[in-house]
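Biologist: Please take me through the terms used for this structure, and set each value against its definition.

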There are 4 protein chains.
Amino acid sequence: MDREQQPFEDIEVRGHIIDSLLLPKILDVITTGGGSFSIDEIAVGQSRHDSSYARVRISADDDEQLNEILRQVSDHGATPIAAADCRWEAASIDGAFPEAFYSTTNQRTEVRLSNTWVEVRLQEMDCGIVIDGAGGAECRPMTDIRRGDQVVVGHLGVRVFPQDRSTDRGGFEFMNSAVSTEKPKGVAIRQVAEQLTATRASGGRTLLVGGPAIVHTGSVEALCELIREGYINLLFAGNALATHDIEHALFGTSLGVRLDCGDIVEAGHEHHLRAINRIRLVGGIRAAVEAGALTSGIMYECVQHDVPFLLAGSIRDDGPLPEVVTDALEAQRQMRSLSQGVDFCLMVATTLHSVAVGNLLPAWVRVVCVDINPSTVIKLNDRGSFQTVGIVTDVAPFLTALVADLRQLPDG
Amino acid sequence: MDREQQPFEDIEVRGHIIDSLLLPKILDVITTGGGSFSIDEIAVGQSRHDSSYARVRISADDDEQLNEILRQVSDHGATPIAAADCRWEAASIDGAFPEAFYSTTNQRTEVRLSNTWVEVRLQEMDCGIVIDGAGGAECRPMTDIRRGDQVVVGHLGVRVFPQDRSTDRGGFEFMNSAVSTEKPKGVAIRQVAEQLTATRASGGRTLLVGGPAIVHTGSVEALCELIREGYINLLFAGNALATHDIEHALFGTSLGVRLDCGDIVEAGHEHHLRAINRIRLVGGIRAAVEAGALTSGIMYECVQHDVPFLLAGSIRDDGPLPEVVTDALEAQRQMRSLSQGVDFCLMVATTLHSVAVGNLLPAWVRVVCVDINPSTVIKLNDRGSFQTVGIVTDVAPFLTALVADLRQLPDG
Amino acid sequence: MDREQQPFEDIEVRGHIIDSLLLPKILDVITTGGGSFSIDEIAVGQSRHDSSYARVRISADDDEQLNEILRQVSDHGATPIAAADCRWEAASIDGAFPEAFYSTTNQRTEVRLSNTWVEVRLQEMDCGIVIDGAGGAECRPMTDIRRGDQVVVGHLGVRVFPQDRSTDRGGFEFMNSAVSTEKPKGVAIRQVAEQLTATRASGGRTLLVGGPAIVHTGSVEALCELIREGYINLLFAGNALATHDIEHALFGTSLGVRLDCGDIVEAGHEHHLRAINRIRLVGGIRAAVEAGALTSGIMYECVQHDVPFLLAGSIRDDGPLPEVVTDALEAQRQMRSLSQGVDFCLMVATTLHSVAVGNLLPAWVRVVCVDINPSTVIKLNDRGSFQTVGIVTDVAPFLTALVADLRQLPDG
Amino acid sequence: MDREQQPFEDIEVRGHIIDSLLLPKILDVITTGGGSFSIDEIAVGQSRHDSSYARVRISADDDEQLNEILRQVSDHGATPIAAADCRWEAASIDGAFPEAFYSTTNQRTEVRLSNTWVEVRLQEMDCGIVIDGAGGAECRPMTDIRRGDQVVVGHLGVRVFPQDRSTDRGGFEFMNSAVSTEKPKGVAIRQVAEQLTATRASGGRTLLVGGPAIVHTGSVEALCELIREGYINLLFAGNALATHDIEHALFGTSLGVRLDCGDIVEAGHEHHLRAINRIRLVGGIRAAVEAGALTSGIMYECVQHDVPFLLAGSIRDDGPLPEVVTDALEAQRQMRSLSQGVDFCLMVATTLHSVAVGNLLPAWVRVVCVDINPSTVIKLNDRGSFQTVGIVTDVAPFLTALVADLRQLPDG
């Protein structure tokens, strides 16, 4: 078939399109989709910080094929040079998108409305985009859709701006498995310390997502210091972290193990249940602090230093504590709302909560995930949280070293 | 101090008290608690299947110390020879036990009411025991307590019958780490096959608790066969297993990976969301099967073969599917109710759901936990699900081999 | 500084330079090294199988900087358009290279001698290149260097041809962690079966590198069938695999565990030592087979089917068996020699031997590494064995499924 | 059959026979072996530190069965009350035991010679016992046997004294998986610090067995301090630890990664090879230190502080360094000889060397094994190194915290 007779479209793509693999990926999408291409212009930035540019003509056998290819390359930031407005349809029922809905990424996204590119608010992956009457657009999860909501369909008039993965890394890391245990850890810990300090200094907000191993491994005091010193501005956890923290405050144990000497206490496995019961009797964590019944620990410091916390329920919870939000959708809504404006997120020793929060955060929030089990970090990356830097290490000495580093930093 | 002047109590303990470590543990509790003992009678069974018996006099410095020791040894099945009725108090508020509540184990338990030992119904760990007006007793979780419920307090008049761990094992396993990857796997798989066959043959019920890796690793058809052949009578899972199963039925992918060839499909990461949306548009999984919109897969087979399923929600869910129970407490209630009468439980590739179900089952339900990650099995054991046999292996070849074994068994 | 006054060199690079990341990497090396570049010509292949081409001018501040950059980009396959002969120096002592020696990769390499590009023989990573009198060149390890050997120094006149990583993969895998446990396993196993069949059909040679978990997990018979059917032409292992295989043949146990029922045999931990002792008394494995003292198992099949085996010693060995090569350097020499001409290498459940063999094989030998522990695969990749495809799965059901697949393949 | 007509033997067993599981195990051995028993006397110690005693009559159907049972129970420390001298046979060839050889454990063992119990020297598991002319006995590995050596056969006249496992633990640990990552780490680290301090204070010797992850993770300086301060008196490692330590000293990198900032250095993967080559050119590690060519790092500190080191070769070694002992049997011999008199052994981040050293040490040497991968600890225990306490943690922060703890201890 003569190329001139084929339908075609010119697209352009900007950024670190070569070293961040965008251009190769786009070219692959085109040929995999049955199309062909010519690179009509290419300008490669001289340094790692310079942006590159490419203009590519995509040809396909027919319009359908071409549209499918355009749909796919748009996820990689390629935008047709002659763009059209986005299209939308009204939701036919509550709680579901129209069949052809545009499915969002966690990258910065714009939709074209009346010939103007408008930034989509509340960016979050796996949502739809709802157009409001005032010319705005925002991400909305499936369950929050109401009948009649105007939901963007197809890829036309939607463009995404992939976050550069390479910009702030200390060297190209293509060839390296992201999750090796054999990496210099002191450096990674110091970088986390610097990030915490910088975020605090600039008035930014840091979210800690933590699992109960923080308590089991004896790191309560380290986290308490982070809270007291203002490094942590928001805490997401589950019933287990709060319960064992309170068990530790009341009984000195975590899961029945004394944290000061490692001994197993007889009947200590009941302690966490007795701790929950006592908090329920007194009316909740905040009430317990105010009543003087809870005088130390992570939850205590959160209450004392006005650090908001969200305890999300799960089916393995005992009790749970009164503050636990047991409905998963309600917990997601509160996490969404609370995490607006977070600049840095430190995930420590929890797969469930890390994946859940990773799903909600936009790509430009820097995330560090610390776990002794490499599979947690692999899982986060598999699910699209590319901005995550994984540190495979043990939570207790990690937090101890982090606190020590923070004390030595000039602004720490 | 003269021993005769000390307070003392005679206890007795029966069962595999030596090889199941009960007696050593009881003696240790006594001396650790400050008491002393004399073994006044000991009869050791000749064979592994014979029961042993010991009568032990416990002496302590004062009554308080003695009671504390008696409280602790009672968890190991030691009962005072001269027993008293159990004691109880009324709950002062909804959703909490009296402070001194007796905290249950998952072992068979009796309470003494009006000089008669009564078996506690609905045995479950980490609950309280509520006495009803009709002379009965049952386990009840903290959140289901209502003001005025009569809740057992203290250990007096409560006795437990620890499940023998050694009885049905093929040899003593003291010296072996429970979770080694280096064990003969064919044997373990065959034993699971025999258990499934025996349970089906005797009219028993088997519960499968499964994670999405069943789908990701390409094992849908193996599990479908288990359901069709009547080996699985109940399914507990999360939104992810059902979603990726339906994604696979509708698109041939799981998390965007084609399961027939391993290729990654462009835009395939959207498939699971489109699958959920389509099911929501049609009104649910059952409705989709009835409408002919879902014609294969695990969820399809469950609907077709009247296998009840419970999909419990979590904060990392997308969607979720309409059948998902998003409230954790409600999901626990339904799991409790559905799992009554389960004889065998096979847990495959899910930490969250395995721990949750392990918390609910009584100790006499045989549990096999299959996971490629040893830490899942370690976690189950750490939390008290001692009856769990762990198999560290890969889910896909495990299920394939299991199905092949079942086909070859005489009653399979 | 004016660019025209700077020293510069034109290089060219061919192949899948964009999607295999070569070009981005080369450009990064240039700018990181302080140089600058212009892409003077670029031709991008239309399909994944077409080769691309780029001509790049590298400028630097001075000659030293330029040479350093050229040295580095040469490892990525970039060659100066105007090339010079390679340079060499004589080794000053036995067992060491000249200080400035060129350190080899495992990629196909050529050196320029008298204006002609000559392929380097015995390609192996971390060696030097020795020039012989007859105009040839070959890789030689440090310890085999003799005083006076002519060893290539510097990067001038050396060019490498990086193996295309993308060519034979079923789809781009950029975005995916290489070692996830959550991948369709049936597909991967079928591909291994096809590779074994194709290698056998074409008269190629397959090397199996195996660890003792093959025996411990009950997979002896599966491997025996692979040997009998001619799929395995060479076996590298350690004392442990052979010992436990023979223990199994003589006593029915592995590490004292009966492989037919999983029971632990009393005093069974001595079996492996008694097995070794008996083989030593009879004069070795081959002698034991010939004497009728060893009549089944992996080692038996190797002897019966003339499959050469190398058992390399390690410091954790008991015994060892008489055939074990206890000197590491001698074992490496024999592995090097035996592995010449190997087309396919299957590594199963051994980190030590997998890394050792991975170090010796050239990049064009396809390697599949099977281990239940993701860290083994990560380790192989970290050390530069990029051609390795990792399958994180359990060895026993893997081998069972592999044998079943082979039986069903048309030429299997 | 009437019991009185059966052959029988009275045995006795002493120690923590109940809580260390000896008695249950012995009773199980008897019934599993087809015999029966009566406990004719039992005296249980009051406290955890008191010894217990039992006298048991073993009956069997015939003498052969009785002897087999006696053979087995003797490994658990049970000795016939009427004992006979041990028996021995001369080895028929070099390098092999007589077929019926007694296979040693790593527990303290005595043999009866001329009616006197004689302690076996050089206790080591998986060896034979050789009787010398002077009335002594010692363990000897299979390969060191010479024709004519008098080797103990059978179990008669041999008794072992199982190491009490419970004595110095801080509480019973029956119910706990030994290798959980969820334990208080600060406590464990402090206990290691106390052990190091106590060993140094008492003039004892501490052996460190280490892997290259000590260098890769940036912990060189911490280990150097341990050496300088006299906490480490002996180092066992492989070529990799020494090589990367020297790479770090010469180039600032480990495996090409800069340890001060985590950046990957271009061509840095060659550094370790250049480091080895340079050391070979100068004649070895010691020569390099003396020549001023190596001025920092672990190996430097060993040379400067007269800490003997053994570098054992393996087949994955590059180079290797001149000091590396490449023959596995010779390396074992040197490890055996050097480790005589070691009181405490700290194993850090190496499976191969840990298992090798674990095989050589008698049961009364206290061993702590630190690894981020639980499977290493599981492997050590599976192979019989019961005295090992495993700490699943990350080596870099572990060593940092250990050094900090040591600085704060009164005698640290």
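Biologist: What makes β2(C) and strand β3 (residues 52-59) of chain C a pair?

Modeller: In this predicted model, residues are numbered from 1 along each chain as its sequence is written, with chains lettered from A and ligands numbered from 1 in the order in which they are written. Local features need pLDDT of at least 70 and side-chain atom pairs count only at pLDDT 80 or more, while totals for chains, interfaces and linings use all residues. Two strands pair if DSSP finds at least two bridges between them; β2(C) and β3(C) have seven bridges, in the antiparallel sense, and therefore count as a pair. Within β3(C), C:R57 stands opposite C:S38. Strands are DSSP runs of E with at least two residues, helices are runs of H or I with at least four, and both are numbered from the N terminus.

Biologist: Why are β2 and β4 of chain C called edge strands?

Modeller: The open sheet has four strands in the order β2-β3-β1-β4 (chain C), with antiparallel pairing. β2 (36-43) and β4 (79-80) of chain C each pair on one side only, which is what marks the edge strands.

Biologist: Which helices lie on these strands, and at what angles to β1(C)?

Modeller: Helix α1 (residues 22-32) of chain C lies across β1 (8-15), β2 and β3 of chain C, running at about 160° to β1(C). Helix α2 (residues 63-74) of chain C touches β1, β3 and β4 of chain C, and its direction makes about 5° with that of β1(C). Axes are lines fitted to C-alpha atoms, for helices over the stretch in contact, and angles run from 0 to 180 degrees between N-to-C directions.

Biologist: Why is α3(C) called oblique to α13(C)?

Modeller: The axes of helix α3 (residues 185-201) and helix α13 (residues 395-408) of chain C come within 9 Å and cross at roughly 55°. Angles under 35 degrees count as roughly parallel, over 145 as roughly antiparallel, 65 to 115 as roughly perpendicular and the rest as oblique; α3(C) is therefore oblique to α13(C). The contact includes C:I189 and C:L196 of α3(C) and C:F398 and C:L402 of α13(C), contact meaning that C-beta atoms, placed from the backbone, lie within 7 Å.

Biologist: How many residues of chain B are in contact with chain A, and which helix of chain B gives the most?

Modeller: 43 residues of chain B are in contact with 44 residues of chain A. α7(B) gives the most to the side of chain B that touches chain A, with five residues.

Technical notes:
Two residues are in contact if their C-beta atoms, placed from the backbone, lie within 7 Å.
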